Amino acid sequence: MPIKLEQVDFVYAGGSPFERAALKGINLSFLDGEFVGIIGQTGSGKSTLVQMLNGLLKPTRGTVTVNGLVTTAKGVKLKSLRQEVGLVFQFAEYQLFAETVAADVAFGPENQGVPASEIAERVDQALLNVGLPLEIKERSPFELSGGQMRRVAIAGVLAMNPKVLILDEPTAGLDPRGRDEILSRIRELHRQRGITVILVSHSMEDVARLVDRLVVIHGGQIVYDATPREVFAHGSSLKTYGLGVPQATEVLGLLKAKGWAVPEVALTLDEARQAIVRAYQLRRELA
Amino acid sequence: MSMMQQITLGQYLPGKSVVHRLDPRTKLLMAFGFIMVLFIITAGWVEYGILGLAALLIIYTAKLPLGMVLRGLRPILIILSLTIVLHIFSTRTGTLLFRLWFLEVYSGGVNQGFLLAARLVLLVLSTSVLTLTTSPIALTDAIEFVLKPFKRIGLPAHELAMMMTIALRFIPTLIEEAERIMKAQLARGADFESGGLIKRAKSLLPLLVPLFISAFRRADELAMAMEARCYRGGDGRTKFKVLRYTKLDFYAWTCFVAVSALAFYVSYAL
Ligand SMILES: Nc1ncnc2c1ncn2[C@@H]1O[C@H](COP(=O)(O)OP(=O)(O)O)[C@@H](O)[C@H]1O
Ligand SMILES: [Mg+2]
């Protein structure tokens with residue numbers, strides 16, 4: 001399910017006094033099995049961008065091609081496209097509606113016309129995938145905690161067995177534990193199912209450790225598209241885009257400015273610690 | 001195409017024109033007065049021409065895009081065509097224009113139909129101009145002021161105005177929310193369009209349930225926030241933005257009286 005965007009512009013409320021260009025000249029492609037992070041300040045156009053990928057929004061100019069299908073072409077089957085490209089919306093818990101968790105998770109596969117016996121299987125699998133116990137199935141989704149509701153909503157998209165999974169700020173508004181839980185589940189999913197995962201976030205901490213490739217978007221334009229390491233090497237310019245670098249990288253930057261022999265970028269705390277220890281020992285030997 | 005774009009009626013278009021700067025009470029009472037004049041004067045092309053010209057002049061002064069103002073007429077298109085058609089076929093005055101099988105069309109009917117349609121258009125235009133140039137908050141302030149005299153007979157003027165403010169404030173929020181939930185369910189393969197009546201009504205559940213839940217949650221949060229800031233109704237409450245008439249309002253009223261007088265003169269004295 002490769003996805004390709006070519007010269008994509010998107011304008012909200014075109015032709016009215018409230019017109020607003022949300023995306024400008026986007027060129028981007030996603031390959032099978034990639035784990036890509038999309039990062040940018042609030043209002044930079046991340047949500048708009050991901051809604052292009054399953055045909056919920058269509059480009060004002062340019063083309064979006066999903067698995068060879070152009071979303072703006074006449075008579076294109078958007079419904080089948082949406083089953084292949086699963087999109088978990090920002091604050092996805094607000095989409096829950098059914099009486100039980102199981103019924104809500106089953107909504108997607110039911111719309112796909114999956115046979116009942118298989119639906120039950122898929123529901124169980126999806127709930128386990130997001131780390132929820134199966135006892136929860138018969139409960140009302142509205143009596144769960146915020147983090148659990150979010151995970152039920154993610155399971156609702158997973159149950160459709162998408163080939164591409166897009167998550168729009170899946171950790172926004174969660175406590176650190178809920179955040180780590182969801183992120184590690186997503187990493188697991190990518191590893192187990194081998195699907196393409198596109199993770200949208202405004203937090204560097206979230207994506208730094210997870211993704212292979214990082215797309216930075218600012219004011220509706222792509223400013224970087226590279227590995228996290230390469231992107232974080234641009235620490236100071238990231239700040240002008242309203243983004244920080246992960247704390248681990250930040251600390252190394254400060255030490256380097258003081259003349260320590262440390263690398264410029266560290267993605268995890270562990271990596272930073274080792275680098276600092278090494279540099280410390282080096283200084284001691286020199287002294 | 002998003003739902004937001006289709007709703008122009010009741011929308012506010014911020015600006016700095018003379019019309020925008022008028023006191024909201026002036027605008028509210030004028031819109032009301034305009035409608036009164038519209039109904040009191042005898043229906044005629046010269047009379048409606050004068051009022052229509054005045055309306056166009058106001059739209060021009062307010063720097064409103066004409067297309068947008070006219071788009072506000074879209075919701076009444078059906079009523080308009082119905083009015084015209086019904087009158088054309090039911091009024092039998094004037095000369096016989098032509099006969100269509102068993103239907104006879106008289107000149108009086110055509111005239112009458114279009115006159116009534118013109119009246120409806122003017123009516124909607126005046127309210128559109130009011131809401132397009134007056135922020136919802138200013139408008140409710142004006143409504144509260146106008147309703148105040150009726151407080152003595154037990155009308156809760158402040159509460160009504162507050163309810164309107166809140167309702168107006170949340171309409172765009174709820175529309176946005178509905179759009180978002182709709183998209184989220186579409187992403188899960190929901191189908192809001194095909195199937196029979198019952199199937200389609202049922203397909204709305206995944207949209208309506210979350211929408212109601214979120215509306216109740218918002219209401220709850222708002223009530224809590226108001227209480228936390230010691231809101232206790234209108235008694236003894238002062239205003240941050242005190243309404244004040246200016247010279248502009250005086251000029252506006254002068255114009256209004258002049259135009260109305262002209263319309264009445266044409267209507268009754270000629
Ligand atoms: N439904 C909409 N109507 C009009 N403008 C919108 C709508 N949704 C988003 N926008 C505007 O488009 C821009 C990009 O928004 P969005 O894609 O939601 O950014 P992000 O997800 O990065 O916060 C913002 O300036 C926002 O105000
Ligand atoms: Mg967003």
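Colleague: Is Glu169(A) buried or exposed?

Modeller: Glu169(A) counts as buried, because its relative accessibility is 7% and buried means under 20% relative accessible area, exposed over 50% and partly exposed in between (1.4 Å probe, protein chains only). This is a predicted model, in which local features need pLDDT of at least 70 and side-chain atom pairs count only at pLDDT 80 or more, whereas totals for chains, interfaces and linings use all residues. Residues are numbered from 1 along each chain as its sequence is written, chains are lettered from A and ligands numbered from 1 in the order in which they are written, and side-chain values use heavy atoms, with hydrogens and water left out.

Colleague: Where does Glu169(A) lie?

Modeller: Glu169(A) is in the loop between strand E7 (164-168) and helix H6 (176-193) of chain A. Helices (H or I, at least four residues) and strands (E, at least two) are DSSP runs, numbered from the N terminus. Glu169(A) also has a positive phi of about 45 degrees, although it is not a glycine.

Colleague: And what is phi of Ala13(A)?

Modeller: For Ala13(A), phi is near 55 degrees, a positive value in a residue other than glycine. Ala13(A) sits in the loop between strand E1 (3-12) and strand E2 (20-30) of chain A. With a relative accessible area of 17%, Ala13(A) is buried.

Colleague: Changing topic, which residues coordinate the magnesium ion (ligand 2)?

Modeller: Ser47(A), through OG, and Gln90(A), through OE1, coordinate the magnesium ion at 2.0 to 2.4 Å. The pair links distant parts of the chain, 43 residues apart: Ser47(A) is in helix H1 (residues 46-52) of chain A, and Gln90(A) is in the loop between strand E6 (85-88) and helix H3 (101-112) of chain A. Donors are N, O and S atoms within 2.8 Å of the metal (3.2 Å for Na, K and Ca); water is not among the atoms, so sites may look incomplete.

Colleague: Now the interface. How many residues does each chain give to the contact?

Modeller: Chain B gives 23 residues and chain A gives 26 residues, where contact means heavy atoms within 4.5 Å. The area buried between the two chains is about 2,100 Å², with 63% of it from carbon and sulfur atoms. Buried area is the accessible area (1.4 Å probe) that two parts lose on being put together, summed over both.

Colleague: Which three residues supply 34% of the area that chain B buries against chain A?

Modeller: Lys183(B), Ala187(B) and Arg188(B), more than any other three residues.

Colleague: Which side chains meet in a salt bridge?

Modeller: Those of Asp104(A) and Arg188(B), at 3.0 Å, N to O.

Colleague: What does Leu186(B) touch?

Modeller: Not counting residues up to four places away in sequence, Leu186(B) touches Leu56(A), Arg82(A) and Phe192(B). Leu186(B) is in helix H9 of chain B, and at 22% relative accessibility Leu186(B) counts as partly exposed.

Terms used: Salt bridge = Lys/Arg side-chain N within 4 Å of Asp/Glu carboxyl O.
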